[in-house]
Amino acid sequence: MITIRKREERGHFNHGWLETSHTFSFADYYDPAQMGFRTLRVINEDRVQPGKGFGTHSHQDMEIITYVLEGAVEHKDSMGNVGVIKPGDVQRMSAGTGVTHSEYNPSQKELLHLLQIWILPEKKGLKPGYEQKTFSPEEKRGKLCLVASRDGRNGSVTIHQDVDLFCSLLEKGQTLDWSVPTGRHGWVQVIRGEMKINGQSLREGDGAAISDEKSLKMTASQASEFLLFDLG
């Protein structure tokens, strides 16, 4: 079964400095039917104006992944990490017992466009942690590139949950097949372009929950970028 979450159905807010769309319930957007999928709790698509950002705030017991599409994020946290996250980078922050951080758009001219992803950890009270790695377009083009996993294999960042996160870039007409592991579920989030999953069309911003499917055939109707979550 493939259940499409259309982009226009997401919670949407424009705060001036921030335009954001919430795939699942978050902050002022609440829908009891959209509280996440399996251990995937949040997918927020944020557009942050130049020189603006999220001031210092706290998190606890959450695996937080940042995926930048355009611009850059300046990150600071209570663990002493300071850095810049750019397109191609994947940042993982384990909030665990508690961490404070800030995320800003350091540019005075460019818009920042990013995805914030939250995954529920396998247990509470973990030690906070931070990791950031870069994945080139060549690693994603025409294939599934593993960028986050429980065991950190193949150079992926490590998350404290039974989830594999892949990203991919497909040219128009290009197809990828994914054999869904027995007993597993999937979520596909289209970042750019338009594609078909087992014949069903998804556009930029659309997501799809996958359950009880043996395989997926993913075909780009136009040049596309997407994330694929393999979930327990």
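Student: Which residues does Ile65 touch?
Tutor: Leaving aside residues up to four places away in sequence, Ile65 touches Val90, Gln91, Leu115, Gln116, Ile117, Ile119, Ala148, Ile159 and Leu165. A contact here means heavy atoms within 4.5 Å.

Student: What kind of model is this?
Tutor: It is a predicted model, in which local features need pLDDT of at least 70, side-chain atom pairs count only at pLDDT 80 or more, and totals for chains, interfaces and linings use all residues. Residues are numbered from 1 along each chain as its sequence is written, and side-chain values use heavy atoms, with hydrogens and water left out.

Student: Back to the inside. How many residues are in the largest nonpolar core?
Tutor: That core has 26 residues, and those with the most contacts inside it are Leu40, Ile65, Tyr67, Trp187, Leu227 and Phe229. A nonpolar core is a set of buried Ala, Val, Leu, Ile, Met, Phe, Trp, Tyr and Cys residues joined through side-chain atoms within 4.5 Å. Buried means under 20% relative accessible area, exposed means over 50%, and partly exposed lies in between (1.4 Å probe, protein chains only).

Student: Which elements give two or more residues to this core?
Tutor: They are strands E4 (40–48), E6 (63–70), E11 (112–119), E13 (145–149), E15 (163–170), E17 (185–192) and E22 (224–231). Strands (E, at least two residues) are DSSP runs, as are helices (H or I, at least four), numbered from the N terminus.

Student: What lies apart from that core?
Tutor: Another core, of 19 residues, including Leu176, Met195, Ala208 and Ile210.

Student: New topic, sheets. What is the strand order in the open sheet of four strands?
Tutor: The order is E5-E10-E7-E8, and the pairing is antiparallel. Two strands pair if DSSP finds at least two bridges between them.

Student: Which strands stand at the edges?
Tutor: Strand E5 (53–59) and strand E8 (82–85) do; each has a single partner strand, so one side of each is left without a neighbour in the sheet.

Student: And how many bridges join E7 and E10?
Tutor: Strand E7 (residues 73–77) and strand E10 (residues 99–104) pair over four bridges. In one of them, His75 has Glu103 of E10 as its partner.

Student: Now charges. How many salt bridges are there?
Tutor: The structure holds 14. A salt bridge is a side-chain nitrogen of Lys or Arg within 4 Å of a carboxyl oxygen of Asp or Glu.

Student: What does Glu45 meet in a salt bridge?
Tutor: The side chain of Arg10, at 2.9 Å from N to O. Glu45 lies in strand E4 and Arg10 in the loop between strand E1 (2–5) and strand E2 (11–14), so the pair ties together parts that are 35 residues apart in sequence.

Student: Is that Glu45 buried or exposed?
Tutor: Glu45 counts as buried, at 8% relative accessibility. Arg10 is buried too, at 12%.

Student: What about Lys133, buried or partly exposed?
Tutor: Lys133 is partly exposed, with 27% relative accessible area. Its side chain meets Glu131 in a salt bridge (3.7 Å, N to O), and Glu131 is buried at 16%.
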